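Hi,

Have a look at it first, then read on.

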Amino acid sequence: MAAKFNHWIEENVDGDTLIPMPLEENANRGDAEGISTSVEEFGFWGVLICQVSTRKIIAGNHRYRGSRKAGDNTFTVDWWDVDDHTAMRMAIADNQWARRSSWDLPVLVHQLTELDEMEFVGTGFAPGDRVVTAGATAG
């Protein structure tokens, strides 16, 4: 299927040239603070999805904020040539599809029980989390 919209990847984009979606326009409330911990541990991976005409971030706003808090200011951007209404729809879709995902709990518990206490840093989990302790008692 041919691409419906024109888009391209650009590496090493200065974060100061990007515009995060204002919170009053973003229905998603991500954990930029937690993401910054992950970025400090692993570095930033992935891309930001941005609108060409406005330089506004469509998807990746909280990763952008968390990365900036962690001191990163260079990003890989997937630029999309879309109008404002399509950009809004894309932002909604990105958040909704992420929200509709779920954990395979036995697999997650197995993975978490493989971690040493210090390896939890940046994962969003802690050794005392219920899912982790459930795995420890099930083993």
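By pairing I mean at least two DSSP bridges between two strands; helices (H or I, at least four residues) and strands (E, at least two) are DSSP runs numbered from the N terminus. Leucine 48 sits opposite valine 77 of strand 4.

Before I go further: this is a predicted model, where local features need pLDDT of at least 70 and side-chain atom pairs count only at pLDDT 80 or more, while totals for chains, interfaces and linings use all residues. Numbering starts from 1 along each chain as its sequence is written, and side-chain values use heavy atoms, with hydrogens and water left out.

Back to strand 2. With strand 3 it pairs in the antiparallel sense, over two bridges, and isoleucine 49 has alanine 59 in strand 3 as its bridge partner. The two strands make a hairpin with five residues between them, and arginine 55 in the turn has a positive phi of about 65°. Strand 2 is covered on both faces: Leu48 and Cys50 are buried on one side, Ile49 and Gln51 on the other. Buried here is under 20% relative accessible area, exposed is over 50% and partly exposed is in between, using a 1.4 Å probe and protein chains only.

Contact means heavy atoms within 4.5 Å; axes are lines fitted to C-alpha atoms (for helices over the stretch in contact), with angles from 0 to 180 degrees between N-to-C directions.

Along the sequence, the pattern is β-α-β-β-α-β-α-α-α, which comes to five helices and four strands. Of the 139 residues, 29% are buried. Among contacts with a separation of 6 or more, 75% are between residues 24 or more positions apart.

The largest one holds about 920 Å³ of space and has 36 lining residues, with Asp31, Ile35, His62, Arg63 and Ala98 nearest its centre. A pocket is an open set of points on a 1 Å grid over the protein atoms alone, where a 1.4 Å probe fits and protein lies on both sides within 12 Å along at least five of seven lines; lining residues have an atom within 4 Å of a point. The volume is the space filled by probe spheres set on the points, which are joined across faces, edges and corners. Helix 3 contributes the most to the lining, with five residues.

Finally, leucine 112 is in helix 4, and counts as buried at 6% relative accessibility. Its C-alpha atom is 9.3 Å from that of alanine 126, 14 residues apart along the chain.

Cheers
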